[in-house]
Amino acid sequence: SQDRVFNFAAGPATLPENVLKKAESELYNWRGSGMSVMEMSHRGKEFVSIIEKAESDLRSLLNISSDYHVLFLQGGATTQFAAIPLNLCKIDDSVDFIVTGSWGDKAFKEAQKYCKPNVIWSGKSEKYTKVPSFDSFEQNPNAKFLHICANETIQGVEFKNYPTPSNKDGILIADMSSNFCSKPVDVSKFGLIYAGAQKNVGPSGVTIVIIRKDLIGNAQDITPVMLDYKIHADNKSLYNTPPCYGIYMCGLVFEDLLNQGGLEQVEKNNIKKAELLYNAIDSSNGFYRCPVEKSVRSLMNVPFTLEKSELEADFIKEAAKEKMVQLKGHRSVGGMRASIYNAMPYAGVEKLVALMKDFQVNHR
Ligand code: PMP
């Protein structure tokens, strides 16, 4: 609508307009309950119906079998960097990390406190522009799990398929914070998938964990109750007060994604948007550049630079004048980054591409 901007932020990020409107219409009095979702007891029948529907819609979207728990937790994906080794490893257990960007590196560093992680491949020396070919690294057969970050939000590097874990329990774990529900995923390939909600599926404050049921129940003794998956699974994510309003918002987004036709359709839309933007970059004769290897460019986060880097601040300013905001790259890498999550309309990318073309003509 007229008074909204195109928000290219990496997260918290733009949400679907119809979801916001629905939330607005239900804010004051949720479906005749006489109260807002923020005021409900998390143990009352109203909220229980909300969290159960959110879970069941997410299960439909991702086709999650009953072999998996779906948990709605707090603390962001960052908390999972610790919770995962605490729940799945003893302190002396080895685990393997493939590090394709800053978030995978952070997960690895946190894991060092609770197990013995090894980086079996890192893209750091090539400035995190690649995903390795799966025969170019060696997994430790004794590792408890293999960890990847499915989409590196800062560098814009995305796995298009997944390595087969060769550790003895065959466990692959993925941080899907920034591409969660952006495309179909075969959940059965993973032991655990985790994601902060605040990019594709809701507001910050909700973290979703999808975990194979046989992997819970062996947490290290020092594990805080709040990080123990078994406690949350046994209590259906209601061990303590959950982020109720955030879970409600995630539920509205899941419903919206199902109404759009599910994740096959969502992926098609995302591919169309990403192609438009990457084609504009690649056909600019070097005026704009994206450093990421073409085959692994993210559908969600598109980093790009200007050949004349001194013009970047102007570009960002001109975009803001036209109501396109949050295009500055992450402070660690500079340049620009357009995050084009599910809720970014095609028209938003079209407008950005039009500005890029104009800007190039005016600054040749
Ligand atoms: N992993 C990825 C891929 C992310 O993009 C982020 C947040 N930008 C995080 C982890 C950390 O998430 P949180 O801020 O929810 O802890």
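What share of the 364 residues of the protein counts as buried? Colour the chain by burial and you will find that 45% of them do, where buried stands for 20 or more other C-beta atoms within 10 Å of a residue's own, exposed for 12 or fewer, and partly exposed for anything in between, with C-beta atoms placed from the backbone.

Two notes before we go on. You are looking at a predicted model, in which local features need pLDDT of at least 70 and side-chain atom pairs count only at pLDDT 80 or more, while totals for chains, interfaces and linings use all residues. Residue numbers start from 1 along each chain as its sequence is written.

**The whole chain**

Zoom out to the C-alpha trace, which spans about 60 × 60 × 30 Å along its principal axes. Switch to cartoon and you have nine helices and 14 strands; these are DSSP runs numbered from the N terminus, H or I of at least four residues for helices and E of at least two for strands.

Now select residues 5-352, which UniProt lists in an unreviewed entry as "domain: Aminotransferase class V"; its positions are given in the numbering used here, the feature name is shortened, and such annotations may be inferred rather than shown by experiment. The end C-alpha atoms of this span lie 12 Å apart, and the span is 32% helix and 17% strand.

**The seven-stranded sheet**

Next, pick out the open sheet with the order β2-β10-β9-β8-β5-β3-β4 and mixed pairing. Its edge strands are β2 (68-73) and β4 (116-122), each pairing on one side only; strands pair if DSSP finds at least two bridges between them. Stay with β2: its antiparallel pairing with β10 runs over six bridges. To see one of the bridge pairs, show V70 together with I210 in β10.

**Beyond β10**

N218 counts as partly exposed because 13 other C-beta atoms lie within 10 Å.

**The ligand**

Finish by selecting the ligand and its surroundings: G11, G76, A77, T78, W103, C149, T153, D175, S177, S178 and G196. Which helix gives the largest share of this shell? Helix α3 (residues 76-88) does, with three residues. Coloured by class, the shell shows three nonpolar, seven polar and one charged residues, counting Ala, Val, Leu, Ile, Met, Phe, Trp, Tyr, Cys and Pro as nonpolar, Asp, Glu, Lys and Arg as charged, and the others, Gly among them, as polar.

Conventions:
Near = placed C-beta within 6 Å.
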